[in-house]
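Let's take a walk through a protein together, one stop at a time. Have the sequence and the 3D view ready, and look up each residue as we get to it.

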Amino acid sequence: MTEPEQGKSPDNPWPVRAVATRVAKYIDRLGLVWIEGQLTELKIRHTTAWMVLRDPAADMSLTVSAPRDLVANAPVPLTEGTQVIMLGRPQFYTRNGSFSLRISEIRAVGIGELLARIERLRRLLDAEGLFDPRLKRPLPFLPSQIGLITGRASAAEHDVVTVATTRWPAVRFAIRNTAVQGPSAVAQMVEALRGLDRDPEVDVIVLARGGGSVEDLLPFSDETLCREIARCTTPVVSAVGHEPDNPLCDLVADLRAATPTDAAKRVVPDAVAEQRLVAELRLRSARALRNWVHREEHHITQLRSRPVLADPLRAIDDRGHEINRARAALRRDVTRFLAAETDRVGHLSARLSTLGPAATLARGYAVVQAGSLVLRSVADAPPGTQLRIRVADGAVTATSEGVCDE
């Protein structure tokens, strides 16, 4: 049976020194590397300077070391928050298992390069839609509580609180004092934003700083801070006093204020101005109401002056006269029609009387009937037939004796 490879089984482990030596050799193969970051710590001991280099966009850092003279002769004064580019060789110390970079060259990040990076980030966030005006949340007219993120005992805090309470004395603040520059500024501001955004009593959040250089304002163009502002459900106001460039948080925020004082004026209404506005609106509404009443009175007067309202019965009287005239005309027409028809009936009656049998009888003629039949022939009255002879003034009876010779 073959013995297992060393370090691959608990029966044949590697000693610590072997693992540490192999890790040191593997790391040493990386060679020289350029690295960029922000200094968060700087300690000089004897001939060596120890520093912590932090990535502003992530919660990661590395320990670096450099000769004391290299730090003293750096192109810019090295302090906490300085953005630098360093050339170093990764080293793994087998004695205590620690890792660091041994720096051999230090370069400052120029203003032009910083602005170029901010511009690249601006284009990226713009392409993702974080600057879209349709995503901007409206500010409440009168916030019950304002969340304020600013430096401790800063002029920005004083300006916002003083101006806001002067304009509206009942306003309340939830103040979160954080670093507003340096390596820890982004992390503290992000934490404060999250806390205020979770607070249901906070209606609006103001991120305030009283201006500064491009380097001082770098945290306000940090990608992490910008994305956190975009994720907030509470409206955020960016009030960073600066000229002429805008940090990226101005573009992501729901409202950009030129200064902290301007932010206070735009977040809180002026009580005196609102009272004046209310008084003016009351006057305007009263004037408008009076004008409306006058217009309606004039309209009613015009309506009342119309004939139909000035003499409401005139239309009825006119229609009554028309009805009377129509009745008279109808009665006249009916009378004329009746007279004409009466004349016509008289004429017809006279003609009927003239043509009727009574007139014929009156001239001497008679009507002879045998029973109900009128005699038309001698054959209708044989001898012995009872006859009824009708004359003008009555009727007589007779008996037929037959045909007689003429």
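Does Glu119 count as buried, partly exposed or exposed, and what is its relative accessibility? Glu119 counts as partly exposed, at 29% relative accessibility. The cut-offs are these: buried is under 20% relative accessible area, exposed is over 50%, and partly exposed is in between, with a 1.4 Å probe and protein chains only as cover.

Before we go on, some ground rules. This is a predicted model, so local features need pLDDT of at least 70 and side-chain atom pairs count only at pLDDT 80 or more, while totals for chains, interfaces and linings use all residues. Residues are numbered from 1 along each chain as its sequence is written, and side-chain values use heavy atoms, with hydrogens and water left out.

Back to Glu119, which forms a salt bridge with Arg123, their closest N and O atoms being 3.5 Å apart. (A salt bridge here is a side-chain nitrogen of Lys or Arg within 4 Å of a carboxyl oxygen of Asp or Glu.) Both residues sit in helix α3, residues 111-127, and they are 4 residues apart, about one turn of the helix. Helices are DSSP runs of H or I with at least four residues, strands are runs of E with at least two, and both are numbered from the N terminus.

Arg227 is partly exposed at 22%, and Glu223 is partly exposed at 27%.

Now for a pair that reaches across the sequence: Arg137 and Asp254 form a salt bridge with closest N and O atoms 2.8 Å apart. Arg137 lies in the loop between α3 and β6 and Asp254 in the loop between α7 (248-252) and β10 (255-256), so the pair ties together parts that are 117 residues apart in sequence. Asp254 is buried, with a relative accessible area of 11%. Over the whole structure, a search finds 13 salt bridges.

Next, turn to helix α8 (residues 260-267), whose buried residues are Pro260, Ala263, Ala264 and Val267. Seen down the axis of α8, they fall within an arc of 100 degrees, so they line one face of the helix. That arc is taken from the directions from the helix axis to the C-beta atoms.

Two loops are worth a stop as well. His46, in the loop between β1 (33-45) and β2 (48-55), has a positive phi of about 55 degrees although it is not a glycine. Ala153, in the loop between β6 and α4, has a positive phi near 55 degrees as well. Most residues other than glycine have a negative phi. His46 is exposed at 70% relative accessibility, and Ala153 is exposed at 73%.

Last stop: helix α11 (residues 314-355), where you'll find Leu330. Leu330 is exposed, with a relative accessible area of 54%.
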